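Please open the structure in your viewer and keep the selection tool at hand, for this tour goes from one selection to the next and says what is to be found at each stop.

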Amino acid sequence: MTRVSFDVNGETHQLELDTRTTLLDALREHLHLTGTKKGCDHGQCGACTVIVDGRRINSCLTLAVMHHGDEITTIEGLGTPDGLHPLQAAFVEHDGYQCGYCTPGQICSAVGVLAEVKAGIPSHVTADLNAPLRLTNAELRERMSGNICRCGAYSNIAEAISEVAGRSA
Amino acid sequence: MRSFSYERATSPGAAAAAAAGTANAKFIAGGTNLLDLMKLEIETPAHLIDVNGLALDRIDETADGGLRIGALVRNTDLAADRRVRRDYAVLSRALLAGASGQLRNKATTAGNLLQRTRCPYFYDANLPCNKRKPGSGCAAIGGFSRQHAVIGASEACIATHPSDMAVAMRVLDVVVETVRPDGATRSIPIADLHRLPGDSPEIETTLQPGELITAVALPKPVGGTQAYRKVRDRASYAFALVSVAAIVQGDGTGRVALGGVAHKPWRVEAAESELPRGAKAVTARLLADAKPTKDNAYKLPLAERTLAAVLREARG
């Protein structure tokens, strides 16, 4: 057992955990924040995506004890039922889901994508590494490739993110 | 996952000493490959040394005009670094061709170099694998070997090295800097870091027990048109079937390394003298000793065609 302390959605938590506990399991099983989903548990599906110190990561492929002092944001910290995050509202508006299981990961990942584009981080499909970025549909699809939607709501997800990206650009 | 003890390292030297002094210890940085393998009990360390707190996350200019990349620089940050994008585009391109955005945010420079093969038989603990369990045999030989090595393999192992970044680093001739458990440091040209499988495929690099990578040094910019072209089963988030890293100079000379074909990034400097004669001449020498299986023989013409496409693009 190892002690670890980190902030989740603005609240500090102190936990004593088996070293094997992933960040995903700490969030779900110990803090009961079940918005973050366990899909493949191997970093392939993106359902467990959360934002740590401003960056999107797969919470299933990192140990909770490795996050001492970190600031973590989960889907519960982005918005509330009465005050949706713009991406949450856009997913509702554009029907960016069917079963909804991948949605928290998709939205946290999209928050990360928008921050990465704002920071000028290029992608595999960026034509010119040294020119200003534009979030085209091709850019968006490449950047979201770490999030699988088994229902196949991709085109609506892309529309939801594009709308918010256009608004904040 | 097997249970393990955990410590946070306080200095590179202390981390190396702890790794050498503790039975079955491993370093953990990004963790994206190690934890995947620990969940499957393919990796079963008894002790993890977390190196994330070490100040190895900077990219600094070196006295000879190159860059020193700290071992903990994340793949996202290395790919996005302005100097890397401008002067070492092949490296940016290779990094961006690998994994997903979430993984690149975590994965480190040193960890990317040291990632394990994605051979499906290495991942399947029910089947023999000399890399996972030395002496047990190789289920890939005679198995489904579409993804496997076409050159430099052995009777013991036909796995490939999965990294894109390492292929670009091989074409750039980077030098890997390490610290050993006794505190001594050394520099290893990347050509000498990864091993061919031979009869000990479980030993993948020339690093000694406990030796910790602290940085990767890029030489001063070599110019030219730089490209990384990756062929895979889907357009994003998949490992290479074949990849080509190339630097082509205005006079037609250049450098080429291949990914997805061997147990290490595959480069034969002598083959590069054929570059002015085109892709067929280069790959004929680069892959002269290839011994493909019937499943992966397609990689030979694919490598030639991929290089041809890169050269066409580079020469406008």
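Before the first stop, one convention is needed: Ala, Val, Leu, Ile, Met, Phe, Trp, Tyr, Cys and Pro count as nonpolar, Asp, Glu, Lys and Arg as charged, and the others, Gly among them, as polar. Please also keep in mind that this is a predicted model.

Begin by selecting the residues that line the second largest cavity, namely Arg56(A), Glu116(A), Ile121(A), Pro122(A), Ser123(A) and Arg143(A), together with Thr76(B), Leu96(B), Gly101(B), Arg104(B) and Asn105(B). The space in this second largest cavity is about 70 Å³, and its lining divides by class into 3 nonpolar, 4 polar and 4 charged residues. Now highlight helix α6 of chain B, residues 101-106, which gives the most to this lining, with 3 residues.

Next, turn to the largest cavity, whose volume is about 80 Å³. It is lined by 17 residues, and those to select are the closest to its centre: Cys119(B), Cys129(B), Cys138(B), Cys157(B) and Ala159(B). Here the lining consists of 12 nonpolar, 4 polar and 1 charged residues. In the whole structure, a search finds 3 cavities of 30 Å³ or more.

For the last stop, select residues 25-28 and 47-50 of chain B, which are strands β2 and β3, and follow how the two pair in the parallel sense over 4 bridges. Within this pairing, Ala25(B) has His47(B) in β3(B) as its bridge partner.

Methods
Residues numbered from 1 in each chain as written. Chains lettered and ligands numbered in written order. Predicted model: local features only at pLDDT ≥ 70, side-chain atom pairs only at ≥ 80, totals over all residues. Heavy atoms only, no water. Pairing = 2+ DSSP bridges. 1 Å grid on protein atoms, 1.4 Å probe; cavity = no way out; pocket = protein on both sides within 12 Å on 5 of 7 lines; lining within 4 Å. Points joined across faces, edges and corners; volume = space filled by probe spheres on them.
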